[in-house]
Amino acid sequence: MGNAGRYLLVALISAAVALGTLWASRSLLAPQGHSGGELHAFVHQQLDLDREQEARIEALEVRFASRRAELEATLGQANAELARAMASEHQYGPRVAAAVDHAHMAMGDLQKATLEHVFAMRALLRPDQAVRFDRAVDKALTEAGGG
């Protein structure tokens, strides 16, 4: 495989990772009415939240849904930028490299925001709930990662 083929493969893998990050974020934290969202369903259905916890977690979910939509749009734009760069250069050139960097930054921002949201929810739980929550997060992440 020549250099151009290797660089194209790297770009395609980067795009696949971006899609995987998006899928993991959606499957882990999508609101209850959407596909996925196992963690949110677990929090609302299995942790016996009191009214104050329900209200505060609902407020977190509303804020995060908006932020996640923004970050997913940015990730989509980064992936489109990568596709245009690949179509333009047909090799791992400067435009493709910059687009890959942009996609990685967008993926990282989405992942960080998702983790911040998870920890914000956890902070609202009693210790007994937090133990169960931690197990559910571990399970959701290891299943999303194929492990």
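Helices here are DSSP runs of H or I with at least four residues, and they are numbered from the N terminus. The structure is a predicted model, in which local features need pLDDT of at least 70 and side-chain atom pairs count only at pLDDT 80 or more, while totals for chains, interfaces and linings use all residues. Residues are numbered from 1 along each chain as its sequence is written, and side-chain values use heavy atoms, with hydrogens and water left out.

Start just after helix H2, where Asp48 takes a positive phi of about 50 degrees. Asp48 is a residue other than glycine, and its place is the loop between H2 and H3. Asp48 counts as exposed because its relative accessibility is 57%; exposed means over 50% relative accessible area, buried means under 20%, and partly exposed lies in between, with a 1.4 Å probe and protein chains only. A positive phi is also found at His90, where the value is near 55 degrees. His90 lies in the loop between H3 and H4, and its relative accessible area of 63% makes His90 exposed.

H2 covers residues 38-46 and H3 covers residues 51-89. They pack at an angle of about 165 degrees, and their axes are 11 Å apart. Axes are lines fitted to C-alpha atoms, for helices over the stretch in contact, and the angles run from 0 to 180 degrees between N-to-C directions. The angle therefore makes H2 roughly antiparallel to H3, a label for angles over 145 degrees. H2 passes H3 in a left-handed crossing, in which the near helix is turned anticlockwise from the far one by less than a right angle.

Which residues of H2 and H3 meet? On the H2 side they are His40, Val43 and His44, and on the H3 side Glu54, Ile57 and Glu61, where contact means heavy atoms within 4.5 Å. By class, this contact of H2 with H3 has two nonpolar, two polar and two charged residues. In that scheme Ala, Val, Leu, Ile, Met, Phe, Trp, Tyr, Cys and Pro are nonpolar, Asp, Glu, Lys and Arg are charged, and the others, Gly among them, are polar. The buried residues in H2 include His40, Val43 and His44, along with Leu39 and Ala41.

H3 also packs against H4, at an angle of about 170 degrees and with the axes 8 Å apart. H3 is therefore roughly antiparallel to H4. Here too the crossing is left-handed, as H3 passes H4. The residues of this contact divide into 21 nonpolar, six polar and nine charged.

Charged pairs are the next topic. Side chains of opposite charge can pair when their charged atoms come close. A salt bridge is a side-chain nitrogen of Lys or Arg within 4 Å of a carboxyl oxygen of Asp or Glu, and a search of the whole structure finds five of them.

One of the salt bridges joins the side chains of Glu52 and Arg56, at 3.5 Å from N to O. Both residues lie in helix H3, four residues apart, which is about one turn of the helix. Glu52 counts as exposed because its relative accessibility is 52%, and Arg56 counts as partly exposed at 44%.

Another salt bridge pairs Arg68 with Glu72, whose closest N and O atoms are 3.6 Å apart. Arg68 and Glu72 are again both in H3 and four residues apart, about one turn of the helix. Are Arg68 and Glu72 buried or exposed? Both are buried.

Arg122 and Asp134 also meet through their side chains in a salt bridge, at 2.6 Å from N to O. Arg122 lies in helix H4 (residues 94-122) and Asp134 in helix H5 (residues 127-144), so this pair ties together parts that are 12 residues apart in sequence. Arg122 is partly exposed, with a relative accessible area of 30%, and Asp134 is partly exposed at 32% relative accessibility.

Helix H5 also holds Asp128. At 42% relative accessibility, Asp128 counts as partly exposed. The C-alpha atoms of Asp128 and Leu47 are separated by 9.0 Å, although the two residues are 81 residues apart along the chain.

Notes
Helix = DSSP H or I, 4+ residues; strand = E, 2+ residues; numbered from the N terminus. Parallel < 35°, antiparallel > 145°, perpendicular 65-115°, else oblique.
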